[in-house]
Structure formats: C-alpha cells, structure tokens
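This report describes one protein, going from strands to side-chain pairs to nonpolar cores.

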Amino acid sequence: MSRQAELAHAYDAARPRLTRVAYAILGSCADAEDVVADTWLKLVQTDEREPIRDVAGWATVATARGALDLLRSARVRREAYVGPWLPEPMLTTHDGDLIDPADRVTLDDSVRYALLVVLERLSPAERTAWVLHDLFEMPFDEVAAAVGRTPAAVRQLASRARAHLAEAGQRFEVDPGRHDEVVGAFMVAAAGGDLASLVGTLDADVVLTSDGGGVISAARRPVLGPDRVARFILGIAAKHEGYVLPVQVNGATGLALMNGDGLHSVVSLTVRGDRISRIDMVLAPDKLRYV
C-alpha cells in the first residue's frame, strides 16, 4: 500500500469524527464539510515534509483549528444577519436514513440542535475549547494546540463556557419516548387548530425562533410565551399548503414542512419535562440546500 493510500485510509476512518467536530464548532453542515476537505489537503502536504504518525489526532487538531478560524470570520457575518441566526439542521428519517449527505455520521447528544443554539452565546475560543474537551474528551494540551493558547488558558475557556451554558439552562436530558409523546400532542393540537390544547403542550417560558435569512418571511424577533407562540403556530398551520413530515432533527423528533416545491422549513422541538420549551424554525433556503 502506498503512503497516500495509507493516509487516505486513516483519514476516511477519522472523517466522521472530524465532521462532527467541525459541525459542533460551526453549526453549519456546508462549512463543516469544507473544513474537513481542507484538512485532507493539509494532511497530505504536511506528511510530505514529515510523516505524520497519528493521523486521526493530527487531523482532529487541524480540523478544529480550521473551524475556529472560519467561525471567527463568520461571527461578523452573523452579526449583520437579517433576523435571528440558527444553525443548519441535520435530518434523518425515522428509519435512520440520512437526508442530508453532508454528515455521514451517527448523530448523538454532541450535536443536539438546542445545544448548538445555546453554543452561539459563546465566544469562538470558548466554544471550541468546550466542544473539544467536554464533548470530544480531548486533553487540554491537544485543545491548546487547536485553539492556539496554553493548556491553562483553554482550561479557563472551557470553564467559562460551562458557566455560560449552565446560566442558559437549555441542556436537558429527556427520555426519547417522552419527547415523542409531547411532540405528538403538539402536532395533533396544531393540526386541529385547538388553541387551548396547543398552549397546554408549551412550557411557560417557551421561545420560538424563526430564521428566514432575509429571504423567506419569518419573525424578526423571538416569539415569547405559550399564548403568543401557540397563536403564531396556528397562523402558520392555517396558511401552510402542504403536509408535515416527522423527521429526526439532530437526533430528536422534529418536523419538516413540505409544500409543492419540496421542503419549506425544518422545525426543531426541545422538550423540558412534559412541555416544549424551544421551537426553532429554519426557513432560510441556504440552510436547507443539503436536505
């Protein structure tokens, strides 16, 4: 086997993890794929100068560094974004088939949608340090190599990130069966136009965020409270000419709204206890192009 074939074999084995690392840092399937592809080119070039012994470890650090650099530049664009910015969703059917080919990995809690939304509150360095250490269990010396700080500094970054996430209070462990029951009740109430029943499925502090990217009509600010959110949902249901398909959005049951042109929007539903606490609607065409 040639050296390039050896590298390709090791890289392909590491690619699912690399994609998940980049996606968790960036919140974008397309950008994650670009970063991972660029890592392969850097891997080949670096190995020509000096053979790389631990391809997976080297590639993980290189991918994280590339994702961090891209996130820093992307923050400027996101600050000028029209309306709220939401991450790109990853979809699978209930049979487990990937709908968007950009991922090719098994989804788990490390890329749950509500978590990605909350990660947007962190600085790029905090987010990268937390993702690498807390999600992917990388030692701080390797995290330091990716972030470009000392191990002590990235330890502090991860600690600050944990504090921000705890303050946000949005990461809850919910039994998948219970999640599906709550989502099912939500769908029945919305389809039936039953305002009281729909309100009953929503948490007292429920937040609905919709991302149209300035292209598709969407709420420019989050909608707050069960009554307002329920009325907003019923308004969408009354206007929508199509059907609703239950799908897995980043590993948890959500919805795909279909119309005559195909996919209209993707809805992520976050459940806290026995109520829905977050509804995130992605309508921006650029964020649905892989789906």
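Two strands pair if DSSP finds at least two bridges between them. Helices (H or I, at least four residues) and strands (E, at least two) are themselves DSSP runs, numbered from the N terminus. The model is predicted, so local features need pLDDT of at least 70 and side-chain atom pairs count only at pLDDT 80 or more, while totals for chains, interfaces and linings use all residues. Residues are numbered from 1 along each chain as its sequence is written, and side-chain values use heavy atoms, with hydrogens and water left out.

**Overall picture**

The protein has 10 helices and seven strands. Of its 291 residues, 51% are buried. Buried means under 20% relative accessible area, exposed means over 50%, and partly exposed lies in between (1.4 Å probe, protein chains only). The accessible surface comes to about 13,700 Å², and carbon and sulfur atoms account for 51% of that area. These areas come from the Shrake-Rupley method with a 1.4 Å probe; for residues, only the protein chains shown count as cover.

**Strand β2**

Strand β2 covers residues 202-211, and eight of its 10 residues are buried, so the rest of the structure largely encloses this strand. Strand β7 (residues 275-282) pairs with β2 in the parallel sense over six bridges. In this pairing, Leu-202 stands opposite Ile-276 of β7. Strand β3 (residues 223-224) also pairs with β2, in the antiparallel sense and over two bridges. Here Leu-208 stands opposite Val-223 of β3.

**Salt bridges**

A salt bridge is a side-chain nitrogen of Lys or Arg within 4 Å of a carboxyl oxygen of Asp or Glu. The whole structure holds 15 salt bridges. Three of them are listed here.

| Salt bridge | N to O distance |
|---|---|
| Glu-33 and Arg-15 | 3.0 Å |
| Arg-127 and Glu-120 | 2.6 Å |
| Arg-278 and Asp-280 | 2.5 Å |

Glu-33 and Arg-15 are both buried. Burial also applies to Arg-127 and Glu-120, and to Arg-278 and Asp-280. Elsewhere, salt bridges link Arg-3, Glu-6 and Asp-47 in a network.

**The aromatic pair**

Rings of Phe, Tyr and Trp (its six-membered ring) pair if their centres lie within 6.5 Å; planes under 30 degrees apart count as stacked, over 60 as edge-to-face and the rest as tilted. A search of the whole structure finds one aromatic pair. Tyr-11 and Trp-40 form this tilted pair, at 5.1 Å centre to centre and with 45° between the planes. Tyr-11 lies in helix α1 (residues 3-26) and Trp-40 in helix α2 (residues 29-49), so the pair ties together parts 29 residues apart in sequence. Tyr-11 counts as buried, at 5% relative accessibility.

**Nonpolar cores**

A nonpolar core is a set of buried Ala, Val, Leu, Ile, Met, Phe, Trp, Tyr and Cys residues joined through side-chain atoms within 4.5 Å. The largest such core has 51 residues, and Leu-119, Trp-130 and Val-131 touch the most other members. Helix α1 gives the most to this core, with 10 residues. Apart from this core lies another of 24 residues, including Phe-186, Ala-189, Val-223 and Ile-233.

Contact means heavy atoms within 4.5 Å. Not counting residues up to four places away in sequence, Val-131 touches Val-21, Ala-24, Ile-25, Leu-119 and Phe-136. Among contacts in the protein between residues at least 6 apart in sequence, 66% join residues at least 24 apart.
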